[in-house]
Amino acid sequence: VSVPEVFQMNPAVTSLDFESMAPGAVVFKTLGFTVTSNKGTGWSVMLSASPMTRTVGGETLPASSFRYNISGGGNGVYTPSGAALANVPTSPAVIYASGSGEGAVAGLAFGLGVQIDMPNTALAGSYSTTVNLNLVDSI
């Protein structure tokens with residue numbers, strides 16, 4: 001009998017639309033995802049995003065306008081911990097490191113909370129970013 005290796009992350013959706021936001025508005029949304037692995041080794045979830053950029057003109061929102069937190073059923077290390085919010089990193093950063101006994105998990109559920117704090121001085125227009133959420137083997 002042979003058991004194939006499984007190492008995957010499955011997001012519930014592939015995009016979040018914050019629609020229209022007034023200057024000074026704060027909106028929080030959650031992206032659910034699951035992790036499945038039977039490798040028997042540690043793993044991490046990494047997050048990064050490009051700056052939130054205005055489509056016309058190229059102005060960017062301050063880093064403090066785009067924040068996140070992570071929650072879930074795992075027993076590993078969450079960054080940030082608890083309900084705290086942190087600025088979304090522009091370079092890949094570990095936001096969850098698997099804990100003891102998580103080398104083999106099936107559909108371990110997480111929620112990536114994303115908050116936009118639209119500055120009062122934000123110029124009118126559409127803003128966008130690309131968020132990268134990756135599952136990696138621990139080193």
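## Salt bridges

How many salt bridges does the structure hold? In this predicted model, the count comes to four salt bridges. One of them joins the side chains of Lys39 and Asp137, with an N to O distance of 2.8 Å. This pair links distant parts of the chain, since Lys39 sits in the loop between β2 (26-37) and β3 (43-49) whereas Asp137 belongs to strand β11, 98 residues apart. Lys39 has a relative accessibility of 27% and counts as partly exposed, and Asp137, at 36%, likewise counts as partly exposed. The two residues also belong to a network of salt bridges in which Glu5, Lys39 and Asp137 are linked.

A further salt bridge brings together the side chains of Arg54 and Glu59, again with 2.8 Å from N to O. Arg54 counts as buried because its relative accessibility is 18%, which falls under the 20% limit for a buried residue, while Glu59, with a relative accessible area of 31%, is partly exposed. Arg67 forms a salt bridge with Asp117, and the closest N and O atoms of this pair are 3.1 Å apart. Arg67 lies in strand β5 (residues 66-72) and Asp117 in strand β9, so the contact ties together parts of the chain that are 50 residues apart in sequence. Of this pair, Arg67 is partly exposed at 22% relative accessibility, and Asp117 is buried, its relative accessible area being 17%.

## An open antiparallel sheet

Four strands form an open sheet, in which the order is β6-β8-β3-β11 and the pairing is antiparallel. The edges of this sheet are formed by β6 (77-78) and β11, each of which pairs on one side only. Strands of a sheet pair through backbone hydrogen bonds, in either a parallel or an antiparallel sense.

Within the sheet, β3 and strand β8 (residues 93-97) pair in the antiparallel sense over four bridges. Ser44 has Ala97, in β8, as its bridge partner.

## Aromatic pairs and their cluster

The structure holds six aromatic pairs. Among them is the pair of Phe33 and Phe110, which is stacked, with 5.3 Å from centre to centre and 15° between the planes. The pair links distant parts of the chain, with Phe33 in strand β2 and Phe110 in strand β9, 77 residues apart. Both Phe33 and Phe110 are buried.

Trp43 and Tyr96 form another aromatic pair, in this case a tilted one, with 5.5 Å from centre to centre and an angle of 40° between the planes. Trp43 and Tyr96 are both buried. Ring pairs link Phe33, Trp43, Tyr78, Tyr96 and Phe110 into a cluster.

## The largest pocket

About 700 Å³ of space lies in the largest pocket. The lining of this pocket consists of 30 residues, and those that lie nearest its centre are Leu16, Asp17, Phe18, Thr129 and Val131. By class, the lining comprises 20 nonpolar, eight polar and two charged residues.

Several strands contribute to the lining, and at least two residues come from each of β1 (7-11), β9 (105-117), β10 (127-128) and β11 (131-137).

## Backbone features in the loops

Most residues other than glycine have a negative phi, and most peptide bonds are trans. Glu19 has a positive phi, near 50°, although the residue is not a glycine. Glu19 is placed in the loop between β1 and β2 and is exposed, with a relative accessible area of 65%.

A cis peptide bond joins Thr79 and Pro80, with omega at about 0°. Pro80 has its place in the loop between β6 and β7 (86-87).

Technical notes
Residues numbered from 1 in each chain as written. Predicted model: local features only at pLDDT ≥ 70, side-chain atom pairs only at ≥ 80, totals over all residues. Heavy atoms only, no water. 1 Å grid on protein atoms, 1.4 Å probe; cavity = no way out; pocket = protein on both sides within 12 Å on 5 of 7 lines; lining within 4 Å. Points joined across faces, edges and corners; volume = space filled by probe spheres on them. Nonpolar A, V, L, I, M, F, W, Y, C, P; charged D, E, K, R; others polar. Buried < 20%, exposed > 50% of the residue type's maximum accessible area, 1.4 Å probe, protein only. Pairing = 2+ DSSP bridges. Phe/Tyr/Trp six-rings, centres within 6.5 Å; stacked < 30°, edge-to-face > 60°.
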